[in-house]
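Welcome! Please take a moment to look over the sequence and the 3D view before reading on.

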Amino acid sequence: MQIKPSRKVPRYWEPPSERIAELIRTGVGRMLDNPKEVYRAVDEAVLSSSGSQSAASEPGLLEALLASIRANFSHWATANFKTPGMPVTPNLGPENVDLAREFVRHGFDSGILTNFHAGQNAAVQTWTTMAFELTSDPDELRELIAVVNRSVFAYIDDTLAALYELIDNERGQNPDVDHAARMEAVELVLRGAPISLKRASQRIRYDLGRRHLAAVVWTDDAGTDPGPLERAVTALAQATGSVRPLTILASSTTMWVWVSSTEEFRIADILERLDVGPGARVAIGSTGAGLQGFRRSHLDAVTTQRLMRRLSVDTRIATYDEIEVVALATADMERAMEFVGRTLGSLATDDPELRETLRMYLRVGSSTTHAAKALFAHRNTIVNRLERARGLLPQPLEGRTLQVALALEIMQVIGGPPSN
């Protein structure tokens, strides 16, 4: 059971001594001049806390959470620079208002207390380390830490109380509580929580026992018109033959979609029928059955979306099957770029037409005839391009076709290393 903090009476206590106030102002000033260390500690604590795991599945929501935590620190630090050690009014700035709205929309408000206290503890630890740099006097050190801790703990409690009021008000203004409940149940499944297939299906009102195909449908336009998203979802349902897809509005610009079937999905046939209108993009995941298939398909769709964001907006549709190898190979992006540069050498920065010719040649089994058909070019043209491409490679192609093919696929999807 989540216990909500409550605070109505303004706080007051005697101000600290002039010496302690001076030390607080000095320490807070250092933090405000270079907040990166505090932000890093707070971000790491929040990201590793249990309450952030649901938010992590939606980048926009996680960004709102981190922005709120950082804004709370800045609010407290600025107040303590002006009046060291004294009570700080709750932060009701735009970051917390936006966070309350997003958490209600997603049904994630139960995790706020854990996240805020994780950030609070990290900030206190950072301050304690700094306190030992400000003074070596044991009495001053004891009072300095006690005064700051009192201010931080009271401030977080009061801000949480105010935030919960915002959440309650937002919930009262949000008639779509059914969507929030379904979203919460979906999140349980995606997190792998101990919920039975029958219970999850009842709460979501979607048969989780069938085969699933997930997609992320989104728009790069931050406008409020939901038309492109809705049209794209309708097109996906028609292409898959689904009568009633499961849809979750993850944010104002993103929709999660699942379609189910008793039979295996044929991705190639779906892509032939799928016509996404202007303004929307679709990332399609893998296929799978049951709770695990529901979860895996969605995670693969999110991975596909992540890579699609690096592509031109002209790329409207992509599937996990197309980018799976690249997704695995670029888990460590820095090393992946080093691999591309080392494997392709000058070819990585030369004529894109040469790279595409070699990529297609390797894809079709090293056949110049098949490559010519795929690229709608004369066979002699393909031969000439391949000869030029081979000359740009740092090592002979023979015996390294797998490495070269992978490097070319990485460049095709996400580009290559920065030119020196």
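## About the model

This is a predicted model, in which local features need pLDDT of at least 70, side-chain atom pairs count only at pLDDT 80 or more, and totals for chains, interfaces and linings use all residues. Residues are numbered from 1 along each chain as its sequence is written, and side-chain values use heavy atoms, with hydrogens and water left out.

Helices (H or I, at least four residues) and strands (E, at least two) are DSSP runs, numbered from the N terminus.

## Strand β3 and its partners

Let's start with the strands, where two count as paired if DSSP finds at least two bridges between them. Strand β1 (residues 211–218) pairs with β3 in the antiparallel sense, over 8 bridges. Within this pairing, histidine 212 has serine 260 in β3 as its bridge partner. Strand β2 (residues 246–251) also pairs with strand β3 (residues 254–261) in the antiparallel sense, over 5 bridges. Here isoleucine 248 stands opposite tryptophan 256, and leucine 249 has methionine 255 as its bridge partner. With 2 residues between them, β2 and β3 form a hairpin.

Is β3 enclosed or open? Buried means under 20% relative accessible area, exposed over 50%, and partly exposed in between (1.4 Å probe, protein chains only). Because 8 of the 8 residues of β3 are buried, the strand is largely enclosed by the rest of the structure. In a regular strand the side chains alternate between the two faces of the sheet. In β3 both faces are covered: Thr254, Trp256, Trp258 and Ser260 are buried on one side, and Met255, Val257, Val259 and Ser261 on the other.

## A cluster of rings

Rings of Phe, Tyr and Trp (its six-membered ring) pair if their centres lie within 6.5 Å; planes under 30 degrees apart count as stacked, over 60 as edge-to-face and the rest as tilted. By this rule there are 4 aromatic pairs. One of them joins tryptophan 256 and tryptophan 258, whose ring centres are 6.4 Å apart with planes at 90°, so this pair is edge-to-face. Tryptophan 256 is buried at 1% relative accessibility, and tryptophan 258 is buried at 0%.

Tryptophan 258 also forms a stacked pair with phenylalanine 294, at 4.4 Å centre to centre and 10° between the planes. This pair links distant parts of the chain, with tryptophan 258 in strand β3 and phenylalanine 294 in helix α11 (residues 290–308), 36 residues apart. Like tryptophan 258, phenylalanine 294 is buried. Ring pairs link Tyr206, Trp256, Trp258 and Phe294 into a cluster.

## Helix α13

Helix α13 (residues 333–344) has 12 residues and reaches 16 Å from its first C-alpha to its last, close to the 16 Å expected at 1.5 Å a residue. The expected span is 1.5 Å times one less than the number of residues. Which residues of α13 are buried? They are Ala336, Met337, Phe339, Val340, Thr343 and Leu344. These residues cover an arc of only 155° around the axis, which puts them on the same side of α13; the arc is that of the directions from the helix axis to the C-beta atoms.

The face turned away from the buried side carries the exposed residues Glu334, Arg335 and Arg342. Among the elements covering the buried residues of α13 are α12 (320–329), α16 (379–392) and α17 (401–414). Just after α13, glycine 345 takes a positive phi of about 60°.

At the start of α14, a side-chain oxygen of aspartate 351 reaches to within 3.0 Å of the backbone nitrogen of glutamate 353. Just after α14, glycine 365 takes a positive phi of about 80°.

Threonine 357 lies in helix α14 (residues 352–363) and is buried, with a relative accessible area of 0%. Its side chain reaches the backbone oxygen of glutamate 353 at 2.8 Å. Leaving aside neighbours within four places in sequence, threonine 357 is in contact (heavy atoms within 4.5 Å) with Leu375, Ile382, Arg385 and Leu386. The cover over the buried residues of α14 includes α15 (368–375), α16 and α17.

Note on methods
Polar contact = N/O pair within 3.5 Å; in protein donor to acceptor, adjacent residues only side chain to side chain.
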